[in-house]
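Biologist: I am new to this one. Show me the model, and let me ask how you know what you say.

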Amino acid sequence: MNKKVLILAANHWTSPSQVGTHSIAKEFVKSGWDVAFISDPISPFHFLKRNKSLITQRLEIYKSGGQKYLSDRLITYVPFSLVVPQNLPVLQSKFVYHNWQKFTFPNLYKNIKQIGFSNVDLIYFDHSTYAFLLDQIKYKKSVFRIADNYSGYKKYTEHSRTQEKEIIESVDLILYTAKNLLTYFNECKFKKSLYFPNGVDFAHFNSVTNKFPEEYNHIPKPRVIYIGEMEIRFDFELLKYAAQKLPFVSFVLIGEDSIVKEKYKNIKNIYTLGIKSYSELPNYIQNAEIGVIPFNVKKLGDLINYVNPIKLYQYFACGLSVVSARWNTLEELHTQVLLYNTKDEFVNLIEKTI
């Protein structure tokens, strides 16, 4: 019988944001394991959010009762609950954090049992929403992978931290992606930890695609690209400044863009292309000249200093030069990334690299 791992993930399996947990799940399958990949639940509240396409993806996984991938060795599921933890009145209560699973349809635990993952060799967490499963699932070993300073996220509350601490002090192993993250969980009584930095699916991003994005027919070279989240860490004013100083450069933004579209609607050399699938990303990156990471370190340094950015490795794998804000983790990596401290340094590095 194959070994089994139950992965409790923040991002759903088909999300365009394919993070480290997705890659780890694929490696388990390659090593002969069976994988159940269960991501954050959805609720009626989610249908009020801006990005309906991602909610639709998650709803389809829920309605299917579980979808299979990777030669049927991985099954993924998104629970549906009447209430889920959020940093909002009522939803941020201790009661919701400890009892949301009781309002799932069908019952979450029964669903896990039905797909054959109530007794596993390994249970793996990358966030705290499913802390209660430590007491409901039978497992031989347990892992918590910490890839960020989660306190910077909007839905983080004191109850999130309590559940997080519970997982940290219960699991057999803590994996952490940036050395600074040691300080994030060092106050807890954990059993064992391992520095486990981010990486990249090199073959996926380095293989020549020969697929030229249709949008690029209307976006002239040189193209400077950014992929990823444009809400919490993104330095909006910096990019606006750079676009005004470098009118001959096309700045391409890929990701959920409802905020930036409004902010940059009158700037002709900033192109917001929205969310692209993981399979499409190499086409866009390979046909750009520079990858950038314009994070607002001045304002959010306490959050960003814990980040080991996957996009850095994706840019490099596609053969791009990279210009990024300077923070501790990037300096410690000793890569070829070009680091800036000020907005003028950002502009000068882009111009010099081009």
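Biologist: Where is Gly228 placed?

Modeller: Gly228 lies in the loop between strand S9 (223-227) and H8. Helices (H or I, at least four residues) and strands (E, at least two) are DSSP runs, numbered from the N terminus. This is a predicted model, in which local features need pLDDT of at least 70, side-chain atom pairs count only at pLDDT 80 or more, and totals for chains, interfaces and linings use all residues. Residues are numbered from 1 along each chain as its sequence is written, and side-chain values use heavy atoms, with hydrogens and water left out.

Biologist: Why does Gly228 count as partly exposed?

Modeller: Its relative accessibility is 28%. Buried means under 20% relative accessible area, exposed over 50%, partly exposed in between (1.4 Å probe, protein chains only). Therefore Gly228 counts as partly exposed.

Biologist: What is Gly228 in contact with, leaving aside neighbours within four places in sequence?

Modeller: Ile254, Gly255 and Lys311. Contact means heavy atoms within 4.5 Å.

Biologist: What makes a set of residues a nonpolar core?

Modeller: The set holds buried Ala, Val, Leu, Ile, Met, Phe, Trp, Tyr and Cys residues joined through side-chain atoms within 4.5 Å. The largest here has 55 residues, and Ile225, Phe251 and Ile285 are among those with the most contacts inside it. Helix H8 (residues 236-245) gives the most to this core, six residues. A second, separate core of 40 residues includes Ile112 and Phe185.

Biologist: What does Ile285 touch, not counting residues up to four places away in sequence?

Modeller: Phe205, Ile225, Ile227, Gln314, Tyr315, Cys318 and Leu320.
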